[in-house]
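Morning, everyone. Let me put the model up, and then I'll walk you through charges, a surface patch and some backbone angles.

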Amino acid sequence: AKGAPKLIPGSKFSIQIATEIACDKFQHHIPLERQRQKMKNALLNVSVKTLFSLTQHLYNLLYPLNEMNRLDIIDGECTCIDESPVPFYNPNKSLGYVWSMSNNVGAYYQFEATRSGSVAKEMLSGFHGIAITDGYDGYNFLNHAEGIVHAYCWSHMRRYFFDAMSEKGHAGEVIDHID
């Protein structure tokens, strides 16, 4: 019988096994070394480098879908954009950032080593509409961007009113309106 479709020409590995490895790593948080050990216990000798390569080839195969998500979001009337710090391995043990852009159509994620607003500017390239952000200064360029209305996230503003409720009881009315 003909074997399963291979991830790349000449590879021993199918798309299915590469997908399983990536899901185990990113969805179930099973490190590649632990997956290698599990495979070794099943008498399969596969290196961590090979497992990493499979996830990288799978990413390359799926990248056009991620870009389609970005373009669908850019075509919308409104988008939310944010960045979250995440540790990643590098000699300085510094943080990187997972940038996200989303609307009612979907979500787009991009990893960058920087929190610079230039990342947001690049991600929003071609967007015209309402861009919702938190109060981070890196988004200030949106205040002068042609075709973009810069709006701020109500959930961030809501925190201040929630904190004020202990001193000013009527701050709860504002929270009710925001909710």
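Start with His-29, which sits in the loop between α1 (15–27) and α2. A word on naming: helices (H or I, at least four residues) and strands (E, at least two) are DSSP runs, numbered from the N terminus. This is a predicted model, where local features need pLDDT of at least 70, side-chain atom pairs count only at pLDDT 80 or more, and totals for chains, interfaces and linings use all residues. Residues are numbered from 1 along each chain as its sequence is written, and side-chain values use heavy atoms, with hydrogens and water left out.

Back to His-29. Its phi is near 60°, a positive value in a residue other than glycine. His-29 is exposed, at 61% relative accessible area. For that scale, buried means under 20% relative accessible area, exposed over 50%, and partly exposed in between, with a 1.4 Å probe and protein chains only.

Now Leu-43. This residue is in the loop between α2 and α3. Phi is positive for Leu-43 as well, near 65°. Leu-43 counts as exposed, with 79% relative accessibility.

On to charges. Side chains of opposite charge can pair when their charged atoms come close. My cut-off for a salt bridge is a side-chain nitrogen of Lys or Arg within 4 Å of a carboxyl oxygen of Asp or Glu. How many salt bridges does this rule give? Three.

Take Glu-33 and Arg-36. Their closest N and O atoms are 2.7 Å apart. Both are in helix α2 (residues 32–41), and because they are three residues apart, about one helical turn separates them. Glu-33 is partly exposed at 40% relative accessibility. Arg-36 is buried at 19%.

Next, Arg-70 and Glu-67. Here the closest N and O atoms of the salt bridge are 3.0 Å apart. This pair is in helix α3 (residues 48–74), three residues apart, so about one helical turn lies between them. Arg-70 is buried, with a relative accessible area of 14%.

Then there is Glu-83 with Arg-115, a salt bridge at 2.9 Å, N to O. Glu-83 lies in strand β1 (residues 78–87) and Arg-115 in the loop between β3 (107–112) and α4 (117–123), so this pair ties together parts 32 residues apart in sequence. Glu-83 is buried at 6% relative accessibility. Arg-115 is partly exposed at 32%.

What about Asp-134, buried yet without a salt bridge? Asp-134 lies in the loop between β4 (129–133) and β5 (148–152). The nearest side chain of opposite charge is Arg-115, 5.2 Å away. Lys and Arg count as positive here, Asp and Glu as negative; His and the chain ends are not counted. A polar atom of the Asp-134 side chain lies 3.1 Å from the backbone nitrogen of Tyr-136. Leaving out residues up to four places away in sequence, Asp-134 touches Asp-82, Glu-83, Tyr-139, Tyr-152, Cys-153 and His-156. Contact means heavy atoms within 4.5 Å.

Last stop, the surface. Leu-61, Leu-62, Leu-65 and Met-68 make a nonpolar patch of about 380 Å². Leu-65 is in helix α3. Patch residues have over 30% relative accessible area and no salt bridge; nonpolar side chains (Val, Leu, Ile, Met, Phe, Trp, Tyr) are joined within 5 Å, like charges within 9 Å. The areas come from the Shrake-Rupley method with a 1.4 Å probe, and for residues only the protein chains shown count as cover.

Definitions and conventions: Polar contact = N/O pair within 3.5 Å; in protein donor to acceptor, adjacent residues only side chain to side chain.
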